[in-house]
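This report describes one protein chain, section by section. Please look through the sequence and the structure before reading on.

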Amino acid sequence: MGDFDNKEREEVFSKKVRAGKRTYFFDVKATRSNDYYVTITESKKRFEDGQFIKHKIFLYKEDFEKFAEGLQDVVEYIKSNQEVIEKRYEPNSEDLGYENNGRLVEKDDYSF
């Protein structure tokens, strides 16, 4: 066995969510015994040098219910105790690029 053969499992399903300057990846992966688990990755571009900083958590199916309950509780607390203003992401010039035909498109620098 290598350092950690389980380290980079193939994704079964993936959902990418852009939220302002952060991008979240919700990936379903499978263990060797084909049990599914979730990795949640936050990716944010560091202003100083343009590098992407990533934070990842692993969520296993036996924890789904408690995790969802805890997340719901804190979201409801914030909504009840502080005005939540949804910010819309507006790409800046650094987030945009041009295709060969000159058409303006959003660059996808958030993927791994």
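Is Ile57 buried, partly exposed or exposed, and what is its relative accessible area? Ile57 is partly exposed, with a relative accessible area of 40%. Here buried means under 20% relative accessible area, exposed means over 50%, and partly exposed lies in between, with a 1.4 Å probe and protein chains only.

## Basis of the model

This is a predicted model, in which local features need pLDDT of at least 70 and side-chain atom pairs count only at pLDDT 80 or more, while totals for chains, interfaces and linings use all residues. Residues are numbered from 1 along each chain as its sequence is written, and side-chain values use heavy atoms, with hydrogens and water left out.

## Overall make-up

Helices (H or I, at least four residues) and strands (E, at least two) are DSSP runs, numbered from the N terminus.

Of the 112 residues in the protein, 16% are buried. The accessible surface is about 9,400 Å², and carbon and sulfur atoms account for 50% of it; such areas come from the Shrake-Rupley method with a 1.4 Å probe, and for residues only the protein chains shown count as cover. Among contacts between residues at least 6 apart in sequence, 21% join residues at least 24 apart, where contact means heavy atoms within 4.5 Å.

## The four-stranded sheet

Four strands make an open, antiparallel sheet in the order S1-S2-S3-S4. Its edge strands are S1 (11-19) and S4 (52-60), each of which pairs on one side only. Neighbouring strands of this sheet are turned by 15° against each other on average, direction ignored. Two strands pair if DSSP finds at least two bridges between them. Strands of a sheet pair through backbone hydrogen bonds, either parallel or antiparallel.

S1 pairs with S2 (residues 22-30) in the antiparallel sense over eight bridges, and Ser14 has Asp27 in S2 as its bridge partner. The hairpin of S1 and S2 has two residues between the strands, and Gly20 there takes a positive phi near 65°. S3 (residues 36-45) and S4 are also antiparallel, over nine bridges; Tyr37 stands opposite Tyr60 in S4.

## Two residues in contrast

Thr39 belongs to strand S3 and is buried, with a relative accessible area of 0%. Leaving aside residues up to four places away in sequence, Thr39 touches Phe25, Phe26, Asp27, Lys29, Lys56, Ile57 and Phe58.

Asn34 sits in the loop between S2 and S3. Asn34 is exposed, with a relative accessible area of 52%. Its phi is near 65°, a positive value in a residue other than glycine.

## Helix and nonpolar patch

Helix H1 (residues 64-81) lies across S3 and S4 and runs at about 125° to S4. Axes are lines fitted to C-alpha atoms, for helices over the stretch in contact, and angles run from 0 to 180 degrees between N-to-C directions.

Which residues form the nonpolar patch on the surface? They are Ile57, Phe67, Leu71, Val74 and Val75, with about 390 Å² of accessible area together. H1 gives the most to this patch, with four residues, while Ile57 is found in strand S4. Patches are made of residues with over 30% relative accessible area and no salt bridge, like charges being joined within 9 Å and nonpolar side chains (Val, Leu, Ile, Met, Phe, Trp, Tyr) within 5 Å. A salt bridge is a side-chain nitrogen of Lys or Arg within 4 Å of a carboxyl oxygen of Asp or Glu.
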